[in-house]
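Keep the structure open while you read.

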Amino acid sequence: MVGDEEAAGVPESSGDAWYEARRAAVELRDVLAAAGLARSFPFLQADVNVFGHGFVNLGRTTPAATQQLAYLLNEARKAMGDQAFAGSSSPKGRR
């Protein structure tokens, strides 16, 4: 019997993709909270697109919050070195 997800053309792994996106969103939320920015990203959420790929939507925020986030990322880049920010788009291997 074909499941609802298969009938809708959604890959079976889309649930896994959502959970992966959810974990990433929670990790980001925790870091934003530690930086005092959690309230600046009220629309942060995990989702899955029509192809079953997970993504994290940061949503709308203020210019001040964006500048603060950019400052923090730049400071992290300085502390960790440019190589930490180059190449891989996934930090999984760096933990």
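A nonpolar core is a set of buried nonpolar residues, such as Leu, Phe and Ala, joined through side-chain atoms within 4.5 Å. Buried here means under 20% relative accessible area. Keep in mind that this model is predicted.

Start with the core. The largest nonpolar core has 5 residues: L32, L37, F41, L44 and A65. In soluble globular proteins, nonpolar side chains tend to be buried together. Now pick out L44. Setting aside residues up to four places away in sequence, L44 touches A25, L28, R29, L32, V56, N57 and L58.

Next come the strands. Strand β1 covers residues 45-48, and strand β2 covers residues 54-57. They pair in the antiparallel sense, over 4 bridges. Q45 stands opposite N57 in β2. The two strands form a hairpin, with 5 residues between them. In the turn, G52 has a positive phi of about 85 degrees.

Move on to the loop between β2 and α3, where T61 sits. Is T61 close to F41 in sequence or distant, and how far apart are they in space? The two are 20 residues apart in sequence, yet their C-alpha atoms are 5.8 Å apart. T61 touches F41, along with S40 and T66, when residues up to four places away in sequence are not counted. T61 counts as partly exposed because its relative accessibility is 28%.

Now turn to charge. Side chains of opposite charge can pair when their charged atoms come close. The model has 3 salt bridges. In one, D30 pairs with R29, with the closest N and O atoms 3.0 Å apart. D30 is partly exposed, at 41% relative accessible area. R29 is also partly exposed, at 38%.

Helix α3 holds another pair, K78 and E75, 3 residues apart, about one turn of the helix. Their side chains meet in a salt bridge at 3.3 Å, N to O. K78 is exposed, because its relative accessible area is 53%. E75 is partly exposed, at 30%.

D82 and R77 also meet through their side chains, at 2.6 Å, N to O. D82 has a relative accessible area of 48% and is partly exposed. R77, at 29%, is partly exposed as well.

L73, M80 and F85 make a nonpolar patch of about 310 Å². F85 lies in helix α4, residues 82-85. With a relative accessible area of 41%, F85 is partly exposed.

How values were computed
Residues numbered from 1 in each chain as written. Predicted model: local features only at pLDDT ≥ 70, side-chain atom pairs only at ≥ 80, totals over all residues. Heavy atoms only, no water. Buried < 20%, exposed > 50% of the residue type's maximum accessible area, 1.4 Å probe, protein only. Contact = heavy atoms within 4.5 Å. Pairing = 2+ DSSP bridges. Patch = residues over 30% accessible without salt bridge, like charges linked within 9 Å, V, L, I, M, F, W, Y side chains within 5 Å. Areas by Shrake-Rupley, 256 points an atom, 1.4 Å probe, with all protein chains shown as cover. Salt bridge = Lys/Arg side-chain N within 4 Å of Asp/Glu carboxyl O.
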